[in-house]
Amino acid sequence: MTEPVRSKTEWSERGGLVVPDAGGESHEIDGNPTVEAVQDFLDREIPPVKGSGDFGIGSMVWPGIGKLLEEMGEVAQMASKLVSTDGQDAYWDGTNLREELCGEIGDLLAAIAFLSNENHLDTALIQARMDRKLTLFEKWHKGKQT
Ligand SMILES: [Mg+2]
């Protein structure tokens, strides 16, 4: 369980009470609050600020799909860099694009496996589709080579 965040409160130059909200924005309370009211305010628990986490690893809604998108983007980045070097492994900054692509494909395969496992996807259906596509791609490739 996450510990609640305590607010940091200070007095403004005008004598008001400046308090942060759960989002980290400061608010000034004007007037002359009672000591008890100020103490109650200081003692309040503020829940940690965090995104909903939906679609991320650990979320309740499609866990891992956010990671899948991230890794797809990283594979696409490596592929686009290979295109920009006319297929040469060495990128302008010295990065070995072949090695980086291998690493990002590994990350993507892990994201796919995690997504499939955690969301109970039909892996037999995925495998059958993959087999059909691979056969088709190989057929296309052979057709272009003749
Ligand atoms: Mg990655």
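This is a predicted model: local features need pLDDT of at least 70, side-chain atom pairs count only at pLDDT 80 or more; totals for chains, interfaces and linings use all residues.
**Entry 1: Asp86**

I started just after α2, where Asp86 takes a positive phi of about 60°. Asp86 is not a glycine, yet its phi is positive. I placed Asp86 in the loop between α2 and α3. Buried or exposed? Asp86 has 6 other C-beta atoms within 10 Å, so it is exposed. My cut-offs, with C-beta atoms placed from the backbone: buried is 20 or more other C-beta atoms within 10 Å of a residue's own, exposed is 12 or fewer, and partly exposed is in between.

I number residues from 1 along each chain as its sequence is written.

**Entry 2: two other positive phi values**

Phe55 isn't a glycine either, and its phi is near 80°, a positive value. I found Phe55 in the loop between α1 (35-43) and α2. Phe55 counts as partly exposed because it has 17 C-beta neighbours inside 10 Å. I also looked at His120, which follows α3 and has a positive phi near 50°.

**Entry 3: the helices**

I checked how far α2 (residues 65-84) reaches: with 20 residues, it goes 28 Å from its first C-alpha to its last, close to the 28 Å expected at 1.5 Å a residue. The expected span is 1.5 Å times one less than the number of residues. Then α3 (residues 97-118): its 22 residues should span 32 Å, and its end C-alpha atoms are 31 Å apart, which agrees.

**Entry 4: the sheet**

What order do the strands take in the open sheet? I read it as β1-β2-β3, three strands with antiparallel pairing. Two strands pair if DSSP finds at least two bridges between them. Two bridges join β1 to β2 (residues 17-20). For Glu10, the bridge partner in β2 is Val18.

**Entry 5: the whole chain**

I counted four helices and three strands in the protein chain. Along the sequence, the pattern is β-β-β-α-α-α-α. Helices (H or I, at least four residues) and strands (E, at least two) are DSSP runs, numbered from the N terminus.

How much of the chain is buried? Buried residues are 3% of the 146 residues. Of the contacts with a separation of 6 or more, 41% are between residues 24 or more positions apart. A contact is two residues whose C-beta atoms, placed from the backbone, lie within 7 Å.
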